[in-house]
Amino acid sequence: MGTGTVNGPVQFIPFCILNGHTGSVNRVKFSPDCRFLASGSSDATIRIWSTIDWRLVNILEGHTSGISDIDWSPNSELLASAADDRTVRIWSPLSLSSQARSPLRRTLNRHTHHVTSLRFNRRGNLIVTGSRDENIIIWDYKHAKDLKTLTAHSDPISAVDFSRDGTIIVSGSQDGLIRLWDTGSGQCLKTLVPTNLAKGYQKNPVMFVQFVPNGKYIISSTLDGYIRLWDYMNDKVIKTYRGHVNTKYSSTPSLLNVTTSLSTETSAPSTPTTHTSVANVSTTTSYLIQPSEDGFIYVFDLQTKKVVTQVKAHTDVVLATDVDAENRYMASCGLDGTVSVFKISS
Amino acid sequence: MNLSLLDPFALAQDYPNTLSTTLKWGHSSALRFNHQGTYLASGTIDGTIVIFDFDTNGVITILKGHTRTIQSLCWSQDGRYLLSSSRDWKSILWDLKSCKPVRTVRFDGPVWGADLNPNNPLQFIVSLYEDTPKMVDVTEDVPRLMTLPTQPLRPTTTAAPAKADKQLTLVVLFNKSGDYIITGTSRGWLNVISVETLEIIHSGRITTSNIKNMKLSATGRKVVINSSDRIIRQVRIPDFHNSNPSEWEFEVQVKFQDVVNRLQWNSVSFSTSGDYVLASTFEGHDVYMWETEMGSLIKIFEGPKEEMVEIAWHPTKVLLAVTGLDTGSIYIWTSKLPQKWSALAPDFAEVEENIEYMEQEDEFDIIDEDVMVQRLLDEENDEIVDIITIEQTKPSEAFIIPVDLDLRDECPESDEDI
């Protein structure tokens with residue numbers, strides 16, 4: 001992850017605003033090769049932007065209602081979108097509609113209500129989707145076949161994610177539960193229940209869940225306004241973060257890992273013993289970049305749980321953030337229909 | 001990653017119990033999982049090779065290059081290359097990145113079997129129909145063929161072999177480190193050939209009849225040998241590296257056979273752990289499984305109503321794949337366990353027997369919300385969490401065959417009934 005070297009606290013410098021969507025922009029996502037940014041909107045289109053000159057490269061049209069979630073395949077060649085028209089579509093995001101081959105490659109049709117969330121696994125051969133129909137479906141998207149339907153939530157699914165090795169699926173639902181599933185068998189492995197820290201014994205709808213990059217923890221956000229870091233093996237919340245506003249929307253945070261290299265040039269001369277390592281000492285600081293309903297983006301230090309900085313990003317509710325794999329840019333989107341791009345620096 | 005959350009009883013189950021899936025694409029004649037167990041390659045009688053993605057059970061790619069029955073398939077360690085051998089006198093080394101042949105080697109007769117050097121995917125050995133076995137080096141564009149010896153080394157005291165003693169090499173295998181070759185002949189001899197010198201450095205006779213097939217266990221310490229005398233033998237491989245060839249001995253550890261019906265066996269295989277030996281029965285519908293310590297029969301997999309041929313055990317999962325002789329389908333046995341319902345309801349636990357429940361003093365107290373919130377927040381600790389470092393897992397990650405959405409992978413209907 002963290003390849004950029006930053007000294008001092010991280011800063012987000014406004015870089016550009018991408019206009020064009022005619023509805024709320026619900027999700028932004030950089031391609032894994034960092035060459036493109038995709039944005040999915042309630043205007044039923046996906047726009048692909050170049051990260052070199054920030055020009056619009058392509059518009060993917062075909063969905064008949066708003067798009068809730070998008071994800072790139074790990075090799076950056078395909079884009080999947082989940083929409084309120086109950087379908088999941090797979091696109092070749094760079095094929096133009098004017099060309100002989102349509103950019104739309106597959107339509108996955110099985111959900112009976114809005115599809116709210118989707119993810120590719122890291123091997124790029126499966127997609128998992130969650131829907132307002134309370135079901136989770138694992139797809140063989142190549143053959144447009146639903147392999148397994150996981151039915152154990154009793155309210156709309158708000159988010160799904162694969163673990164790093166693809167063997168576990170996590171799902172969050174408005175029924176207030178986080179469930180972990182075995183991808184191979186489709187069986188529920190475990191259930192986590194976040195207590196409502198604002199309203200005591202009431203149900204606490206889960207609006208977002210995802211695994212951290214190494215798959216050892218789960219991040220969840222709930223409508224009590226807390227983000228939690230779960231040690232899911234031991235059913236324990238190990239960190240909570242709050243400060244941002246989250247009362248209604250499902251918003252997608254992102255993680256930024258900044259590696260700071262401490263140069264050893266000025267340190268004491270190395271001793272001739274073979275045991276001493278004189279390699280550069282580097283520390284990695286992880287940040288949680290959380291959209292907020294007050295138009296700001298809150299940046300938490302993952303370890304200290306403190307808000308490091310607040311960034312004014314939009315005039316209305318912020319819905320999602322994303323950071324490219326090279327840690328150069330952070331993008332956000334929201335109800336005001338724009339995509340904001342920030343340069344990350346020290 | 002899911003292992004630590006799975007039901008321990010599910011993990012203790014080390015052989016499959018139910019016939020769960022049937023894969024059908026053409027008429028399968030050869031079967032092999034890649035070393036990580038993410039793909040299953042199936043060779044068909046018309047020479048097409050189909051690779052199934054084991055996450056989806058769907059076809060990921062189709063390789064066309066052979067024109068007759070595929071005899072054997074062999075994956076490189078990283079899963080990027082596949083060696084196929086066929087009765088059309090050819091062996092093809094495929095690069096699965098492009099799904100195209102990298103090297104095609106033509107022999108002077110049908111290929112019986114082949115094995116890829118575990119350390120070098122550009123080197124392989126073949127056994128040929130009524131011909132001498134060959135070692136093939138395809139580092140250069142033009143393959144280099146080297147003939148491997150077949151006549152066993154015998155003690156000099158015994159008389160020179162009679163003419164009738166002429167024999168052929170039927171099966172070839174690399175050892176685990178890829179520096180020795182083990183071959184089996186039509187007269188029951190095992191030869192060890194050094195890859196360096198290509199000379200037989202040790203021979204041993206374990207039977208008097210044909211060695212039909214031979215599989216190395218995952219640890220490389222033993223082979224299971226199927227011969228025409230209806231006996232399956234588990235043979236210990238001597239330590240090639242730390243002992244002198246004169247001390248080597250092929251010790252038959254266990255013999256497996258059906259003494260009542262005197263069954264012939266089509267094909268044999270180890271389970272991944274090496275704890276079980278499996279064999280498909282000639283003119284029967286069953287697959288037998290024995291444990292390898294005492295040789296006792298553990299289970300008979302009663303197949304569908306056809307003869308079972310090729311056997312492949314999944315490298316990581318408890319899963320068995322077997323091909324059928326008549327339909328060419330691939331039958332898959334897995335181990336299925338019921339959903340643990342306590343996983344769905346975190347407040348509950350499954351107990352073996354009833355427990356007298358003792359209520360805690362404050363258990364059902366209604367706590368003030370603020371106090372409860374504070375108590376929960378206090379439970380957190382300020383440990384540093386590492387969200388980046390990835391734990392190295394075994395087996396290493398397999399090469400990923402690119403998903404090609406343009407590939408038409410339906411099986412042509414005409415292939416169905418030949």
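Predicted model: local features only at pLDDT ≥ 70, side-chain atom pairs only at ≥ 80, totals over all residues.

Biologist: Let's start with strand β12 of chain A, residues 136-140: is it largely enclosed or left open by the rest of the structure?

Modeller: Here a residue counts as buried when its relative accessible area is under 20%. One side of β12(A) has A:I136, A:I138 and A:D140, the other has A:I137 and A:W139, and all of these are buried. Five of the five residues are therefore buried, and the strand is largely enclosed.

Biologist: Which residue in β12(A) is the bridge partner of A:G130?

Modeller: Happy to trace that one! Strand β11 of chain A, residues 127-131, pairs with β12(A) in the antiparallel sense, over four bridges. In β12(A), the partner of A:G130 is A:I136.

Biologist: And on to β13(A): which residue there is the bridge partner of A:D140?

Modeller: Strand β13 of chain A covers residues 145-150, and five bridges join it to β12(A), with the two running antiparallel. The two strands form a hairpin with four residues between them, where A:A144 in the turn has a positive phi of about 50°. Across the pairing, the partner of A:D140 is A:K145.

Biologist: What is the relative accessibility of A:S76, and does that make it buried or exposed?

Modeller: First, its place: A:S76 sits in the loop between β6 (67-72) and β7 (79-83) of chain A. It is not a glycine, yet its phi is positive, about 65°. A:S76 counts as buried because its relative accessibility is 11%.

Biologist: What is the phi of A:N327?

Modeller: A:N327 lies in the loop between β26 (318-323) and β27 (329-334) of chain A. With a relative accessible area of 11%, A:N327 is buried. Although this residue is not glycine, its phi is positive, near 60°.

Biologist: Which residues touch the most other members of the largest nonpolar core?

Modeller: That core has 32 residues. Taking B:L96 as an example, its contacts include B:I51, B:L82, B:W75 and B:F399. Those touching the most other members are A:Y141, B:I51, B:L82 and B:L96.

How values were computed:
Residues numbered from 1 in each chain as written. Chains lettered and ligands numbered in written order. Heavy atoms only, no water. Core = buried A, V, L, I, M, F, W, Y, C linked by side-chain atoms within 4.5 Å. Buried < 20%, exposed > 50% of the residue type's maximum accessible area, 1.4 Å probe, protein only. Contact = heavy atoms within 4.5 Å. Pairing = 2+ DSSP bridges. Lists of a residue's contacts leave out its neighbours within four places in sequence.
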